[in-house]
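Keep the sequence and the structure side by side.

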Amino acid sequence: MSARTIIVVPTLNEARHIDALLDALLVEAESLDARIIVADGGSLDGTTDIVARRARSSARVVLIHNPQRIQSAAINLAVREFGDDADYLIRIDAHGAYPAHYCRMLVAEAEERQVGSIVVPMTTVGIATFQRAVATAQNSAIGTGGSAHRTGKGSGPVDHGHHALMRVDAFRDVGGYDQSFRFNEDAELDHRLRLAGHTIWLTDRTGMTYYPRSTATGLFRQYFGYGGGRARNILKHRMRPRLRQMVPLAILPVVLLAALSIWHWAFLVPLAIWGLGCIALGMHAAQKHYPQYEMPMLLSPLVGLAAMIMHLAWSSGFWAHVAQRPFRREPV
């Protein structure tokens with residue numbers, strides 16, 4: 001292929017995964033004549049030692065330091081330093097799993113479609129019981145609200161998806177990622193790409209596997225950040241939320257309303273409807289994935305519980321950001 005490509009891998013303490021990932025990416029890089037840029041955010045587990053060793057044995061691997069630590073800053077830095085020689089940038093998550101020919105399929109799709117960005121479907125996989133429950137929720141409408149790149153709805157133009165490939169000129173045209181966003185920076189960039197006239201294309205040629213949080217507290221923190229990031233995105237661009245984003249906004253008020261049940265039981269009704277609905281939809285989702293699990297009876301209620309954690313955390317993060325906004329000094 002004639003297109004010039006950089007493969008960017010943001011890392012932070014990824015010693016367990018980076019060696020095998022580089023093995024796979026080097027096969028892709030040889031085929032594409034690409035360069036692999038590992039942008040490390042200050043790993044303390046030996047990640048940089050592994051990458052430095054790989055860089056000494058292959059000129060295709062480059063290690064750079066990402067002082068801001070976050071992924072958006074890593075991509076911006078890699079494009080700033082190496083983008084002049086590239087047509088495309090491919091973003092790789094060090095803790096994800098990718099099929100063979102992933103990068104080559106992305107470039108082939110980009111060359112054929114001539115679009116600004118290619119996004120991919122993402123399948124979530126769990127190992128331990130709670131993680132499997134989270135994965136089941138995230139692979140179904142109960143956890144994603146029907147997002148196209150999470151429910152396998154085929155290919156075509158979308159508003160947002162899991163970032164995989166972008167044309168470097170399109171990325172630079174809109175100024176890259178907004179590094180003041182710690183969460184939801186991908187959706188924020190997608191909004192600016194579409195405003196600038198670039199198409200975001202969801203491919204069905206390839207996809208990636210994601211491993212979700214394995215604890216309830218980790219899941220809550222993650223979705224609290226997502227909710228706050230979405231609020232900031234909406235407020236920054238004066239966007240109108242979609243229905244699937246508006247529904248979870250009611251969850252925190254519903255939970256707070258339940259505190260009034262000390263005066264009348266009716267204040268518990270919305271909470272009960274939400275909870276029972278999540279459990280029922282979670283059981284349906286677990287049955288759909290029944291062949292994959294050894295303990296469906298245990299998994300079924302956990303799927304609903306995982307969804308409830310995600311809903312409450314997202315809603316709490318959203319409203320927390322809105323409440324704090326008058327006191328925040330947003331970066332210009």
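His191 counts as buried because its relative accessibility is 11%; buried means under 20% relative accessible area, exposed over 50%, and partly exposed in between, with a 1.4 Å probe and protein chains only. His191 sits in helix α9, residues 185–195. Helices are DSSP runs of H or I with at least four residues, strands are runs of E with at least two, and both are numbered from the N terminus. His191 touches His237 and Met239, leaving aside residues up to four places away in sequence. Contact here means heavy atoms within 4.5 Å.

This is a predicted model: local features need pLDDT of at least 70, side-chain atom pairs count only at pLDDT 80 or more, and totals for chains, interfaces and linings use all residues. Residues are numbered from 1 along each chain as its sequence is written, and side-chain values use heavy atoms, with hydrogens and water left out.

Turn to α4, residues 102–113. This helix has 12 residues and reaches 16 Å from its first C-alpha to its last, close to the 16 Å expected at 1.5 Å a residue. The expected span is 1.5 Å times one less than the number of residues. Buried residues of α4 are Tyr102, Cys103, Arg104, Leu106, Val107, Glu109 and Ala110. Look at what flanks the helix. His101 lies in the loop between β4 (88–91) and α4. Its phi is positive, near 70°, and the residue is not a glycine. At 39% relative accessibility, His101 counts as partly exposed. Gln114 follows α4, also with a positive phi, near 55°.

Arg69 has a positive phi too, about 75°, although it is not a glycine. Arg69 is in the loop between β3 (61–65) and α3 (71–82). Its relative accessibility is 44%, so Arg69 counts as partly exposed.

Which helix crosses α4 at roughly 40°? It is α1, residues 18–32, and the two axes come within 8 Å. Axes are lines fitted to C-alpha atoms, for helices over the stretch in contact, and angles run from 0 to 180 degrees between N-to-C directions. Angles under 35 degrees count as roughly parallel, over 145 as roughly antiparallel, 65 to 115 as roughly perpendicular, and the rest as oblique. From α1, the contact is made by Leu25, Val27, Glu28, Ser31 and Leu32; from α4, by Tyr102, Cys103, Arg104 and Val107. By class, that contact has 6 nonpolar, 1 polar and 2 charged residues. Ala, Val, Leu, Ile, Met, Phe, Trp, Tyr, Cys and Pro count as nonpolar, Asp, Glu, Lys and Arg as charged, and the others, Gly among them, as polar.

Now take α5 (residues 129–138) and α10 (residues 216–237). Their axes come within 10 Å and cross at roughly 30°. The two helices are therefore roughly parallel. Phe130, Val134 and Gln138 of α5 meet Ala216, Leu219 and Tyr223 of α10. This contact has 5 nonpolar, 1 polar and no charged residues.

Finish at α13, residues 269–288. Its 20 residues should span 28 Å at 1.5 Å a residue, and its end C-alpha atoms are 28 Å apart, which agrees. Trp274, Gly275, Cys278, Gly282, Ala285 and Ala286 are its buried residues. Seen down the axis, they fall within an arc of 95°, so they line one face of α13. The arc is that of the directions from the helix axis to the C-beta atoms. On the other side of α13, the exposed residues are Ile273, Leu276, His284, Gln287 and Lys288.
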